[in-house]
Amino acid sequence: MKKTGIYQCPYGFGVEVLDWAGKNIIFTCLNVEKISDRNSIRKHLKTSEFYPRISTLDYQRYKDSFTSIISENKNAFDLSVNNTIETEKLKEKKELLENTIHEIRKLNTQLKGVTSKLTAALSNIRNRTDYIESLNLDVYSISNLMTIRLDTYDLEVNPELNLDAGKKPIAIYKKIEKVYKCLRGDIQKKNLNVKLEGQSHNSFNANNLIEIAFFIILDNAIKYSPKGKDIIITFNEKEDSLQLKFNNFGLRPSDEEKKLLFNRGQRGKIAIEQDIEGRGLGLYLLHQICASNNVELKLDIGTENYYENGIRYSPFIVKLFFRKMIIPYEE
């Protein structure tokens, strides 16, 4: 929501933002004395266009008349505003549902394909055990990806219900291994090398959404890494604390974009230009999940640079701090 006050657009026209009953009313395309820039407007208008300039006094009269009309029709105005807000929310949820169903259909198509191959392989099992094991892992991975996608949808649609879900001891290292196996196909497609360094033998009291957090981080690392690069996951466990670090080369955000990384719908300019798939929800959801589980989250952008096809990449480091680990881990 823009702050109240008077502004100028790039074409020189005046813009005024007013607060009325806690809602913004915006007057724009104003050609008013002491508000708009006459020279800039003339520069951008065609000679055949006519855009009369009004006095400050006349503008104030028009503004008062408009405010009076709104005051006289307050109920209708409030209803219109509320309907607009609800319509936008409904549109957002509809888009989310359509995207989720689309992804599930893609995964289901893959699952059917792998199942068909598995069926054929089972009918001729001699000397094919390695291939069958590989297909079985693919089935496992796709099935788990579908579960994660649906859980993510549940979180976006009803965050309060999911974030307050019951907590239980969860083995962080095992969860990371599971997510890694689920994303193995995407890792292989980009010829990436995922390294797990260090160990974690203990568990942490968290809800099941912590798995989505790990999926978001690794999925982003795969999506934004240049082909052939390393993704390093480091476990540094000491007594009842664990520092988990994900380190990969990713698209370097601008200084302004860094401040907005956890905002809902925020996507980097280069990611949009490169047509990299995404809706700007990953880090927003990651922040929510970590907060609900008392996990400290920190993002760092390294100083090292790597260029590929004119695009600048830098180390993108995600750190998660788990405190009060449970010793020992219990299944």
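1. Residue C29 is placed in strand β3 (residues 23-30) of this predicted model. Its backbone deserves a check, for C29 has a positive phi of about 55 degrees although it is not a glycine. Most residues other than glycine have a negative phi. With a relative accessibility of 42%, C29 counts as partly exposed.

2. K324 belongs to the segment after β11 (311-323). The relative accessible area of K324 is 69%, and the residue is therefore classed as exposed, the threshold being over 50%.

3. Helix α8 (residues 210-224) has a length that agrees with expectation. At 1.5 Å a residue, its 15 residues should span 21 Å, and the C-alpha atoms at its ends are 22 Å apart. Of these 15 residues, 13 are buried, so α8 is largely enclosed by the rest of the structure.

4. The largest nonpolar core comprises 56 residues. Helix α8 supplies the largest share of this core, 10 residues. The residues with the most contacts inside the core are I172, F214, L244, L286, L320 and F322. In soluble globular proteins, nonpolar side chains tend to be buried together.

5. Which residues does F214 contact, leaving aside its neighbours within four places in sequence? They are I172, K175, I176, V179, L244, L320 and F322. Ring pairs, moreover, join F214 with F204 and F322 in a cluster.

6. K175, one of the contacts of F214, lies in helix α6. Is K175 buried or exposed? Its relative accessible area is 17%, so this lysine counts as buried, the limit being under 20%. Apart from neighbours within four places in sequence, K175 is in contact with I170, E211 and F214.

7. Six aromatic pairs are found in a search of the whole structure. One of them joins Y173 and F235 in a tilted arrangement, with 4.6 Å from centre to centre and 40 degrees between the planes. This pair links distant parts of the chain, since Y173 is in helix α6 (residues 172-182) and F235 in strand β7 (residues 230-238), 62 residues apart. Both partners are buried: Y173 has a relative accessible area of 14%, and F235 has one of 5%.

8. Y306 and Y313 also form a tilted aromatic pair, with centres 6.1 Å apart and planes at 50 degrees.

9. K229 is placed over two aromatic rings. Its charged end sits over the ring of F249, 5.1 Å from the centre. K229 also lies over the face of Y306, at 4.0 Å from the ring centre. Y306 is thus described both by its pairing with Y313 and by the lysine over its face.

10. Y131 is located in helix α4 (residues 129-157). This tyrosine counts as partly exposed, with a relative accessibility of 34%. Beyond residues up to four places away in sequence, Y131 touches K117 and A121. Y131 and K117 are 14 residues apart along the chain, and 9.8 Å separates their C-alpha atoms.

Methods: Residues numbered from 1 in each chain as written. Predicted model: local features only at pLDDT ≥ 70, side-chain atom pairs only at ≥ 80, totals over all residues. Heavy atoms only, no water. Helix = DSSP H or I, 4+ residues; strand = E, 2+ residues; numbered from the N terminus. Expected span 1.5 Å × (residues − 1). Buried < 20%, exposed > 50% of the residue type's maximum accessible area, 1.4 Å probe, protein only. Core = buried A, V, L, I, M, F, W, Y, C linked by side-chain atoms within 4.5 Å. Contact = heavy atoms within 4.5 Å. Phe/Tyr/Trp six-rings, centres within 6.5 Å; stacked < 30°, edge-to-face > 60°. Lys NZ or Arg CZ within 6 Å of the ring centre and 35° of its normal.
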